[in-house]
Amino acid sequence: MLTSDSLSLVTTVTNTNPGVLLFLLLCLLLTTALTFAPTKSPVPGPSYCFGLGPVLSYCRFIWTGIGTACNYYNSRYGSIVRVWINGEETLILSKRVTQIDLIWLRLMWRMRNLSKSQLYVIFRSSAVYYVLKSAHYTARFGSKQGLQCIGMDGRGIIFNSDVPLWKQVRVYFSKALTGPGLQRTVGICVSATERQLECLQDMTDASGHVDALNLLRCIVVDISNRLFLRVPLNEKELLMKIQNYFDTWQTVLIQPDIFFKLRCLYKKHEKAAKDLQEAMESLIEIKRKTIKESEKLDDDRDFASELIFAQNHGELSADNVRQCVLEMVIAAPDTLSISLFFMLMLLKQNPKVELKIVEEMTSLMDDHRSDSEVTGNEDVKKIDLQKLTVLESFINESMRFHPVVDFTMRKALEDDYIDDIKVAKGTNIILNIGRMHKTEFFPKPNEFSLENFEKNVPSRFFQPFGCGPRSCVGKHMAMVMMKAILVTLLSRYTVCPRQGCTLSSIRQTNNLSQQPVEDEHSLAMRFIPRASPPPHTEHS
Ligand code: HEM
């Protein structure tokens, strides 16, 4: 703060020489930077350098996207890095067990004759795993104004950092995504996929290609509606709004306050968020009417009904109900459809894996057919998804090798220590799970190979859905959905991306999640009907 004395001094000097004022201002900046410079951190990362470090690291996050910036810093400075986002200290953790760690652990095991549980304690010190499991990190971080723009500040679940309220709503999500909801999922996934495949002709362009990501999104939004909301809706219109909302989400999430004052930049994002919120409000209104008009209470109430009842009982606000429904409806199209898209690309790049999956599927269906008189998509519905072990390894390996969710964001709620490093309350944490998954634990960490899942993989090495109290609440349902959609699709079609399009050649961004850039050609695939009898009989 300038005192009145110093102000009058500045005025006098300015009147005399503007160059001196500039010099004084520079001195002031320097003094401020030195006064408030943080004490030297033991954590590697860009240096503070009179405030230049924080500015530059923040610019990198805004400019390249969060995921890309994290990978840059981890590869440059190691598995624990200190950076700044919007002036706030942020740790990026990708702690993975290195070859040296493994040698050391083996030595310890042999020399000290450690038991398995003791080894577990040592492994548990993996920083990422520790944060995931700890109750000290159940909040997330983001710009307050950004979160207000998208309705996530103190509402909904995904970025709700009002911990008691988050706990309250998480119960509704858990209930809808497990138990009877989970059991209904297979049937709904199969019929929603069949329904979209029936319309394949209308989606095919003159060159015989289909926008595969769009098709997968249509399937997934239809499933989400049938599971959680159950109101008639225009899927294409809603999908457009979901995509615009997602773009806004990743744009505003870590913006500085000044961004929200620049109307020309902010206006379109504000509109995108409002459009989806209004669409949700109308759908919930339809749902409210349906509930009112129905004579008897539904025995298996869906997610939206449960929330509306909670609101009627004064347990949740109307805004919160809308936000929870919105987040439930966008969760799968934003993650699962992109994961499936990556999987279809990987499948074509690994024909032997496709063959193995189809063989496994066909033999299970054949077994089932001989046991009972089922036809058409009924045999897909009745298939025991747990027996599809090759498919499960393929899904896991795809999520490990090319994940859609590359990292997750948390905030320290208490002072703590991570691997002997003091972490002050309020520190932002980014867990770079994508990088953690390239650990030497896997036989071929940097290649796509089912060998990586041949042996049982302990959960501390593989967390595509996170774990602990703030893990993905939809993880079990997501696995069932991916299996059911893939089985339905692959039992009828083999897909073929445009020539030369591979996962490494298509343009992608990695901001809030890893996504393909949606241009006209790269996402197009041909859907070629499988020859009947299926390849299983041809090759066996
Ligand atoms: C391939 C598909 C998916 C992947 C890879 C994925 C991954 C993740 C990850 C990594 C997190 C953060 C976990 C953490 O911070 O520890 C998360 C959170 C979440 N996911 Fe998923 N997810 C998927 C599908 C779904 C689906 C289908 C739903 C629901 C329909 C869903 C609902 C959620 C919700 C509500 C959260 C926030 C949980 C909270 O903050 O309490 N996800 N997901």
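**View 1. Strand S8 and its partner S11.** Four of the five residues in strand S8 (residues 493-497) are buried, so the strand is mostly covered (buried: under 20% relative accessible area, 1.4 Å probe, protein chains only). Strands here are DSSP runs of E with at least two residues, and helices are runs of H or I with at least four, numbered from the N terminus. S8 pairs with strand S11 (residues 524-529) in the antiparallel sense over five bridges; pairing takes at least two DSSP bridges. Look for Pro 497, whose bridge partner in S11 is Met 525.

A word on the model: it is predicted, with local features needing pLDDT of at least 70 and side-chain atom pairs pLDDT 80 or more, while totals for chains, interfaces and linings use all residues. Residues are numbered from 1 along each chain as its sequence is written, and side-chain values use heavy atoms, leaving out hydrogens and water.

**View 2. Around the ligand.** A polar side-chain atom of Thr 408 sits 2.6 Å from a ligand oxygen atom. For Trp 166, a polar side-chain atom is 2.8 Å from an oxygen atom of the ligand. In the side chain of Arg 140, an N or O atom is 2.8 Å from a ligand oxygen atom.

**View 3. Helix H16 and the largest cavity.** H16 gives nine residues to the lining of the largest cavity, the largest share.

Definitions and conventions: Buried < 20%, exposed > 50% of the residue type's maximum accessible area, 1.4 Å probe, protein only. Polar contact = N/O pair within 3.5 Å; in protein donor to acceptor, adjacent residues only side chain to side chain.
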